[in-house]
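Colleague: I'd like to learn how to read a sheet and a domain contact. Could you walk me through an example?

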Amino acid sequence: MDINKKIATRQSYGEELVELGRKNEKIVVLDADLSSATKTGMFAKEFPDRFINVGIAEQNMMGIAAGLSTFGKIPYASTFAMFATGRGYDQIRNSITYPNLNVKICATHAGITVGEDGATHQMIEDISLMRTLPNMKVMCTSDDIQTKWAVEEISKIEGPVYLRLCRLSTPVIYTEKQKFEFGKGIQIGDGTDASIIATGVTVSEAIKAQEELAKRGVNVRVIDIHTIKPIDTDLIIKCAEETKKIITVEDHNIIGGIGSAVCEVLSEYHPKKVIRMGIKDEFGKSGKAEELMKYFNIDCESIINKVID
Amino acid sequence: MKITNVTSLENISYKVRKNIIKMVYNAKSGHIGGSLSCADILTVLYFNQMNINPDKPDDMLRDRFVLSKGHCTPALYSVLAEKGYFDLDELKTFRNIDSRLQGHPDMKKIPGVDMTTGSLGQGLSSAVGMAIASKMESAGCRVYCLLGDGEIEEGQIWEACMSAYKNKLDNLCVVLDNNNLQIDGKISDVSGLDNIEGKFSSFGFNVIKVDGHNISNLIDAFDTAKQIKGRPTIIIASTVKGKGVSFMENNASWHGKAPNDEEYEKAITELDTIVYANKSND
């Protein structure tokens, strides 16, 4: 992990969309007046005829994306996670996932790491909402390299996909050599004292904690769950078998997110205590992203404390 | 094959009406009033207007129809069956557990259904997406979308209108089934919705007003809409909820209720009488 090279996954998304647009003319991009923040503006500049700005009308955006897909287009619909999955929930459910249409919903500004905008813009229920929709696949990427892989990969998956992206710049974890596979988590290290299962912005925090703990003689492994649905059941069971503690950490409500997803797997296949770190069923607040991660106990320091607790 | 004879089209629409009554009677549930009010509109679209072929329901170049008021499946399925998309016998299975004919239209199950709908207010956005895609592909498809008047109380309809106007969707023809009733009563009493023509006009639509039960007027309206360039059209069709069955007409209680045995017999007898009289004049 390169701690000094930081890129927000929304930036990686915007850059990769342009590459994808060059390779695949079926790609069309929709946005709801946030193209400068979601970074779809780069695509809009190069492919104005394949970019549709619907204005501040997220429900309509989801419906238009559904209609476009019936003509064989591959729509990527973007806005903030709050408005994509909150405002547009019924539209995603009934116009996209029920008919199993080939629409990619790529939502940025997920979680409390949105920062200063505060609770109304800090979406901490989106994984939960999207995960319970039949036909929907859910991804949340942790760095620049993985996001760029995912943006292209989901174009090859037939059917609806939700890709969760973040505003905060986070370290580049992987190199170009890293192989990713949809539905397969990534195990970093093979420590047996604990498994720290993370997704998105919390993966780099978990890796920082892992490095610090190693200096203290505590050996943990980090599991990067980039595909939350379908979840990597085998890897989670393996970790439960091989490590003393299971800790999940996410920038999301502990209800319905990866903490819940891991509990669902283990309670059914390998009962074991799961420690869920995340937003504890409360709304977010204004502040700097790093301060908020500390405040809500999802930063490196909080993970270290939980492991040695 | 396009049917141009008005009496022939009227006879199809009465067959459609009888099917609607039978389907809802058999299922003991379903939306009868709004299905009867849009029967003539759907008949004209599927038998006179749309470029479609029941043998090729997935043809990319076909015209599209989105039933945004998705609860009116009795009318849609009946027209599709009459057109030959599936066997008329299948209509008997409407709403049954083993049936493809879901309470609201499922595009993945039923040939000829172009969009899954049911949650009101969503179909127009899908239709806008289709019309944009057709233009991107220069496919030359026309996209039709039927709205209920109660349905346009949903805010998403007006979001979709802005997109239709902005994208100059002259290949989009919206039809409003303006029967003035919704579940809880008169539109004007329930919601405060008023001046529908002015609303669509101010959103940039070409507005055509028509008697929604007059077949030749409907044909003229659809033909006129095809000539309009650079903006979408809405045909505001003045209709009667429950049209064709005297005791169901203009009665909101028939929105989503099934007839009992006696009501069923009475309704079928009424419709048969009209069809018989119509045939005598053929």
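**Reading the sheet and the domain contact**

Modeller: Start with the strand order: in chain A, an open sheet of 5 strands runs β9-β11-β10-β13-β14, with mixed pairing. Keep in mind that this is a predicted model.

Colleague: Which are the edge strands?

Modeller: Look for strands that pair on one side only; in chain A these are β9 (186–188) and β14 (274–279). From one strand to the next, the twist averages 20°.

Colleague: In what sense do β10 and β13 of chain A pair, parallel or antiparallel?

Modeller: Parallel: β10 (residues 194–198) and β13 (residues 245–253) of chain A share 5 bridges. To pick one out, find S195(A), whose bridge partner in β13(A) is I246(A).

Colleague: Which strands does helix α10 of chain A touch?

Modeller: Helix α10 (residues 233–242) of chain A packs on the sheet against β9, β10, β11 (220–224) and β13, and its direction makes about 165° with that of β11(A). Helix α11 (residues 258–269) of chain A also packs on the sheet, touching β10, β13 and β14, at about 145° to the direction of β13(A).

Colleague: Now the domains. Where do they lie in chain A?

Modeller: The assignment puts domain 1 at 7–172 and domain 2 at 186–308 of chain A. Their centres, taken over C-alpha atoms, are 25 Å apart. For the contact, count residues on each side: 27 from domain 1 of chain A and 30 from domain 2 of chain A.

Colleague: Which element gives the most on the domain 1 side of chain A?

Modeller: That's β6(A), with 4 residues. By type, that side of domain 1 of chain A has 12 nonpolar, 10 polar and 5 charged residues.

Conventions:
Residues numbered from 1 in each chain as written. Chains lettered and ligands numbered in written order. Predicted model: local features only at pLDDT ≥ 70, side-chain atom pairs only at ≥ 80, totals over all residues. Domains from an automatic or database assignment. Contact = placed C-beta atoms within 7 Å. Helix = DSSP H or I, 4+ residues; strand = E, 2+ residues; numbered from the N terminus. Nonpolar A, V, L, I, M, F, W, Y, C, P; charged D, E, K, R; others polar. Pairing = 2+ DSSP bridges. Axes fitted to C-alpha atoms, helices over the stretch in contact; angles between N-to-C directions.
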